[in-house]
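Open the model in your viewer and keep the selection panel at hand. The tour has two stops.

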Amino acid sequence: MPYAGRTLPGPAPAGPVPRPRSEPMPSGRIAIISASVGAGHDRAAAELARRLVADGFTVDRHDLLDLLPARLGRAVQEGYHRMLVRAPWAYQRIYSSTERAGGGGPAARTLLRAAERRVLRALAPSTGVVVSTYPGASRVLGDLRRDGRLTVPVVTYLTDFSVHPLWVADGVDVHLAAHAVPAAQARAAGARDVRVCGPVTDPRFRPCDRRERDRARARFGLPPRTPLALLVAGSWGVGPLRRVALEVRDCGAAVPVVVCGRNQALAERLRADGIEHAYGWVDDMPGLMHAADVLIQNAGGLTSLEAFAAGLPVASYRCIPGHGLTNAAALEEAGAAVWIRDAADLKAVLHDLIDGPLGPRQRETGLALFAGTPEGGPAAEMARLHHAGLPRHDPRRRASPGGTPRRLATTAAVACAVWACAVGAGIVTAYDGPALARAVGHGLGLDDHTPHHASQPEGRHS
């Protein structure tokens, strides 16, 4: 298929983002630490880097998973992925428990402490600001800043519309939010300096006119006049996406156009179900948004912000556990997206978004997020922080001796073992019953209540 691929920024190699030769000498150096858990954190980091480079900065991008000890990062990524697909109820349990506790458990804290030295070593001596687009990175950087081992400002860019307490770490100097709703949640979680700077999205996501829409539909082979609902489920294609596609088709309000991300098996299954427009990875997501009349999403991440920038109304439906549900609530509170909680309302809401008054209101609210001047955007705020506190020395203060190499190796090994057990237990719960579920809760320090879940998770397709 000509569109069976979506090119997204993957884990960035350590080192500076290349700069065109025609650009002036850099005015400073900024490091961005993300994590290849899904694609939203990396996409936000890539766009921030692009804007900062355009402003004359040298930007170093790092993936926190690559900086975890013993190459454990990929195991963490795979464990998280499997839990979302195989045991979403377990993810909800962990998410809710850490939300109530105000942060992660001892396993996560131990592992992140073991990554601190590797993070410090990754930072270039001339770094003036360090930016996090991932909660775990914020925790590591906040601890380093609080302890005085990192001497330059640390900024957290909140990629989600809802703010889990893991996002807010002591020691982080500034939190940047896309809207007043996540800003208020960050303050409630303990963040002191929170600034609303609007979202950061690729500039290709912009409103289009009727002529551009027709051209986009022709490129994708989509019907020229039929209402189209674009269905997304993140880069991994998780959640009950197949069920949603069938419901949209059967309700008759719109033709479903489904993007399954890396889940090519799901795309093939949908085509076998008679869903004609089912894609895996899509290169031209801005064009596909231009072709659509409404976006239906289940996670509330960066794709929702991209839809707002493209002037596309957004509906949250059959959201994944954890951040999918909290993001849906926050988007609804902000008036940016409607949350469809009942399948019986699906047809009426889609009609209202496509042909009724709700669609224009949603477009206006979404586009208003981007109405600020470039001087007020997240990258511009980072540049101001850099110029306000240009370092005259290595930002990495020499850490006090933490013990012999053998002791450090032992600490890292213990951290890896604890985290691997936690992730492994979460995965195994998908295959065995409630007894193992209780073991996971006990091992992660959660409450002892048996989780409420169906005998088989919705949308299981692998």
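Which helix and which strand each supply at least two residues of the lining of the second largest cavity? Select helix H10 (241-251) and strand E10 (294-297); helices (H or I, at least four residues) and strands (E, at least two) are DSSP runs, numbered from the N terminus. The model is predicted, so local features need pLDDT of at least 70 and side-chain atom pairs pLDDT 80 or more, while totals for chains, interfaces and linings use all residues. Residues are numbered from 1 along each chain as its sequence is written, and side-chain values use heavy atoms, without hydrogens and water.

Now show the whole lining: Val-232, Pro-240, Leu-241, Val-244, Ile-296, Gln-297, Asn-298 and Tyr-317. A cavity is a set of points, on a 1 Å grid over the protein atoms alone, where a 1.4 Å probe fits but cannot get out; lining residues have an atom within 4 Å of a point. This cavity holds about 40 Å³, a volume being the space filled by probe spheres set on the points.

Next, select strand E4 (residues 154-157). Val-154 and Thr-156 point one way and Val-155 and Tyr-157 the other, all of them buried (under 20% relative accessible area, 1.4 Å probe, protein chains only). Val-155 has Val-174 in E5 as its bridge partner.

Definitions and conventions. On a 1 Å grid over the protein atoms alone, a cavity is a set of points where a 1.4 Å probe fits but cannot get out, and a pocket is an open set with protein on both sides within 12 Å along at least five of seven lines; lining residues have an atom within 4 Å of a point. Buried means under 20% relative accessible area, exposed over 50%, partly exposed in between (1.4 Å probe, protein chains only). Two strands pair if DSSP finds at least two bridges between them.
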